[in-house]
Amino acid sequence: MERSMEADEPKHCAWCGRRLPGSGRIGRPRRYCAQPCRQRAYERRAALQRGGLPEDAVVLSTAELADLQDRLFQLRCAAEDVVTAAQDGAENEELRKLAAELVESAKGLERLR
C-alpha cells in the first residue's frame with residue numbers, strides 16, 4: 001500500500017505552530033498540540049462568529065502585534081548582520097554562526113501566538 005506524501009510531512013499545531021508528535025494512532029489526525037491550544041482555537045472561532053468576521057480572519061491583540069513586530073525586526077537585523085559580514089569578508093565560521101542565528105530568528109516567526 002502506497003503512503004501519501006502528506007503522511008511523511010511533519011504536522012504542526014493549528015494554533016501555536018509547534019510541531020506535532022507523530023502519533024501512529026488510527027483515526028482523526030491531531031490538529032492541536034495540547035488542550036490549551038484547542039481551547040484558544042475554539043474561543044477564536046466563537047469570537048469570529050459573534051463578530052461576524054470571515055472564518056479566515058486573523059485577530060491579534062495589541063500585545064501580540066507588538067511581539068510579532070519585534071520578532072520581524074529581529075529577523076531583519078539578523079539578515080542585515082549576515083549581509084554586512086559577507087560584505088566585510090568575514091570568515092566562513094562567522095558566516096555560519098550568523099546564518100544559524102538568522103534561522104533561529106525565522107523559527108521564532110513560525111509561531112504566531
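Which residues make up the largest nonpolar core of the protein chain? This core has eight residues, namely Cys-13, Trp-15, Cys-16, Leu-20, Tyr-32, Cys-33, Cys-37 and Ala-41; a nonpolar core is a set of buried Ala, Val, Leu, Ile, Met, Phe, Trp, Tyr and Cys residues joined through side-chain atoms within 4.5 Å. The structure is a predicted model, in which local features need pLDDT of at least 70 and side-chain atom pairs count only at pLDDT 80 or more, while totals for chains, interfaces and linings use all residues. Residues are numbered from 1 along each chain as its sequence is written, and side-chain values use heavy atoms, with hydrogens and water left out.

**Overall architecture**

- The protein chain has four helices and zero strands, where helices (H or I, at least four residues) and strands (E, at least two) are DSSP runs numbered from the N terminus.
- Along the sequence, the pattern is α-α-α-α.
- Of the 113 residues in the protein chain, 18% are buried; buried means under 20% relative accessible area, exposed over 50%, and partly exposed in between (1.4 Å probe, protein chains only).
- The protein chain exposes about 9100 Å², of which carbon and sulfur atoms supply 53%; accessible areas come from the Shrake-Rupley method with a 1.4 Å probe, and for residues only the protein chains shown count as cover.
- Among contacts between residues at least 6 apart in sequence, 36% join residues at least 24 apart, a contact being heavy atoms within 4.5 Å.

**The core and its cysteines**

- In soluble globular proteins, nonpolar side chains tend to be buried together.
- Cys-37, a member of the largest nonpolar core, counts as buried because its relative accessibility is 8%.
- Not counting residues up to four places away in sequence, Cys-37 touches Cys-13, Trp-15, Cys-16 and Tyr-32.
- A search of the whole structure finds zero disulfides, a disulfide being a pair of cysteine sulfur atoms within 2.5 Å.
- Cys-37 is accordingly in no disulfide, and the nearest cysteine sulfur, that of Cys-33, is 3.6 Å away.
- Cys-77 has a relative accessible area of 23% and is therefore partly exposed.

- Gly-22 is placed in the loop between helix 1 (5–8) and helix 2.
- With a relative accessibility of 80%, Gly-22 counts as exposed.
- Gly-22 and Lys-11 are 11 residues apart along the chain, and their C-alpha atoms are separated by 8.1 Å.

**Helix 2 (residues 35–51)**

- Helix 2 has 17 residues and reaches 24 Å from its first C-alpha to its last, close to the 24 Å expected at 1.5 Å a residue; the expected span of a helix is 1.5 Å times one less than its number of residues.
- Its buried residues are Cys-37, Ala-41, Arg-44, Ala-46 and Leu-48.
- Gln-39 also lies in helix 2, and its relative accessible area of 31% makes Gln-39 partly exposed.
- The C-alpha atoms of Gln-39 and Trp-15 are separated by 9.5 Å, with the two residues 24 apart along the chain.
- Just after helix 2, Gly-52 takes a positive phi of about 70°.

**Helix 3 (62–87)**

- Helix 3 has 26 residues and reaches 37 Å from its first C-alpha to its last, close to the 38 Å expected at 1.5 Å a residue.
- Leu-68, Arg-71, Ala-78 and Ala-85 are buried in helix 3, and what covers the buried residues of this helix includes helix 4.

**Helix 4 (residues 92–110)**

- The 19 residues of helix 4 should span 27 Å at 1.5 Å a residue, which agrees with the 27 Å between its end C-alpha atoms.
- Leu-98, Ser-105 and Leu-109 are the buried residues of helix 4.
- Seen down the helix axis, the buried residues of helix 4 fall within an arc of 55°, so they line one face of the helix; the arc is that of the directions from the helix axis to the C-beta atoms.
- These buried residues pack against helix 3.
- Asn-92, Glu-93, Arg-96, Lys-97 and Glu-110 are exposed residues on the face of helix 4 turned away from its buried side.
- Ser-105 lies in helix 4 and is buried because its relative accessible area is 19%.
- Leaving aside neighbours within four places in sequence, Ser-105 is in contact with Gln-74, Leu-75 and Ala-78.
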